[in-house]
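Let's take a walk through a protein model together. Have a look at the fold first, then read on.

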Amino acid sequence: MSASVSLGSHRGAPGGVPRHLGWTLALLALAQLLYALDLNIVFVALPEIGRDLGFPGQTQQLVVSAYVVFAGGFLLFGGRAADLLGRRRMFVLALVLYAVSSLAGGLAPSREVIIAARAVQGIAGALLLPSTLSLINTLFEEGPERNRALAVWGGAGASGLTIGALLGGVLTEHFGWPSVFYVNVPLGGLIALCALFVVPRDPARTARRTFDLPGSLSVTGGATLLVFALVEGPERGWGDSLVLGALLLAVVLLVLFAVIEKRSADPLMPFRLFRNRSLTVGMLVTFLYMATFGVLPYFLTVLMQSVHGYSALQTGLGFLIPSLAIAAGTQLGERFAGRRGTRATLVIGFGIGVIGTVALAFGFDADAGYGLLVPGLVVSGVGQGIVWTAMWIAASTGTAPQEQGVANGVASTALNIGNAIGLAVFTVVADIGTEGRAGEALKTATADGEFLVVLLTAAGMLVGLLVTLLLKHRPASAAAAASAPADEEPLAAR
């Protein structure tokens, strides 16, 4: 898969965009790979991190949680920053922040430092994802050109979710756990440096807009506390005072945010954006995608390491097949979207995903080998890749360039909250029947619980298929012809 393919000229592009944007797309795809890698790269390194830094019991999961919490909480802020301060500026700033915080994580001498480093990485991710998406959605014309760009970008991102586990296993096995952080330093720094020469400059701002500080503070605080409660609920217990307090305060702040936005002359998140049905459905699909497809790598990691006793390297290699399947699926998603339209593509992707994930469930057996997982990993991975590309096409369609950042922030926030809720619910389900067991009995109970979880994710994918039907059916040729010029206002409900 080559990200440096020439995508042709861009008519009416903002800021005098060059005719050929292949190198720009290559950098945006690499940045998305970096973002996706960090969601899963530390999973297989957690046992070593726990031993070296003295994390008692399950608290080593905080290394993952800190990233998820802050990435989910700051996404809308990151989207607004991209719209107001400049997409390229925020892109470069986020990458530099990634590199610095990754270096701090690799050098961390204590639990507190590594958790703080992961939190800053999460904030960097929240600045990076909306700026990357909004660059694609403003540099590439809506229709086949943008779909092709999203397929390349999506191939890097969707594959990164599983490549993270693969790379984490290889690095941990041969170079120790700090290497899963150090790998981001040269990668992030190099992408940031190249972006200064390759990514078109931000156009001059012509309209005076405010940052909506009250709205930014309330939604960032509310979203961060909500994700924190969802992540920590399964570990601490849903009756824990800290979890309950975080949930209550999150609700208060999010209600306050809604009130502020309704009264603001220049709101952070204009509610009129949701009149665009494509964005609304895209947001729901990103939520369901990450609550279903997105949680599978976690349970696969547990199956391979805790049930089958795979090493970090073996676990990482086990993710090679789904990575290739997902990459293939993202390219199929672009082709289907061009020929059949976004709704039909999402239906196909979810349908394939349901079939593949049901097949995958039968590999979740304490006595089964890796070979029994392979058919499900391939079919489910192809479906996952198709949905990944098509859902971002849906989320970006019909939104004006000056609001692409916040629109992408909305969809990305749904993505992260979906992941947090999916893991919170499914880890509880997976643990049913494991209490008080040890040895082979524990392995069997763990595999049985995960078998049920995988079937439930397939049911969630079926819900995603039904949600997709809310999109209006439009032939691909008609959708392309109806694409709005870059300077139009958002389209009405689609």
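This is a predicted model: local features need pLDDT of at least 70, side-chain atom pairs count only at pLDDT 80 or more; totals for chains, interfaces and linings use all residues.

Residues are numbered from 1 along each chain as its sequence is written, and side-chain values use heavy atoms, with hydrogens and water left out.

**The overall picture**

The protein has 20 helices and zero strands. Both are DSSP runs numbered from the N terminus (H or I for helices, at least four residues; E for strands, at least two). Of the 494 residues, 58% are buried, where buried means under 20% relative accessible area (1.4 Å probe, protein chains only). Now take contacts, meaning heavy atoms within 4.5 Å: among those between residues at least 6 apart in sequence, 83% join residues at least 24 apart.

**Two helix pairs**

Here are two pairs side by side. Axes are lines fitted to C-alpha atoms over the stretch in contact, and angles run from 0 to 180 degrees between N-to-C directions.

| Helix pair | Angle | Axis distance |
|---|---|---|
| Helix 10 (residues 213-236) and helix 18 (residues 404-431) | about 20° | 8 Å |
| Helix 13 (residues 296-307) and helix 19 (residues 439-468) | about 165° | 11 Å |

Angles under 35 degrees count as roughly parallel and those over 145 as roughly antiparallel. Helix 10 and helix 18 are therefore roughly parallel. On the helix 10 side, the contact is made by L226, V227, L230, V231 and P234, and helix 18 brings I417, A420, I421, A424, T427 and V428. Sorted by class, that gives 10 nonpolar residues, one polar and no charged ones. (Ala, Val, Leu, Ile, Met, Phe, Trp, Tyr, Cys and Pro count as nonpolar, Asp, Glu, Lys and Arg as charged, and the others, Gly among them, as polar.)

Helix 13 and helix 19, on the other hand, are roughly antiparallel. Among the residues that meet here are F299 and V302 in helix 13 and K443 and E450 in helix 19. This contact divides into nine nonpolar, three polar and two charged residues.

**The cores**

A nonpolar core is a set of buried Ala, Val, Leu, Ile, Met, Phe, Trp, Tyr and Cys residues joined through side-chain atoms within 4.5 Å. Which residues have the most contacts inside the largest one? They are F91, M391 and W392, in a core of 96 residues. Helix 18 supplies the largest share of this core, 10 residues. Apart from it lies another core of 23 residues, including L53 and F55.

Leaving aside neighbours within four places in sequence, M391 is in contact with G282, V285, T286, Y289, L346 and L415.

V387 sits in helix 17 (residues 374-396) and counts as buried because its relative accessibility is 0%. Not counting residues up to four places away in sequence, V387 touches V285, Y289, F293, L346, G349 and F350.

Key. Angles under 35 degrees count as roughly parallel, over 145 as roughly antiparallel, 65 to 115 as roughly perpendicular and the rest as oblique. Buried means under 20% relative accessible area, exposed over 50%, partly exposed in between (1.4 Å probe, protein chains only).
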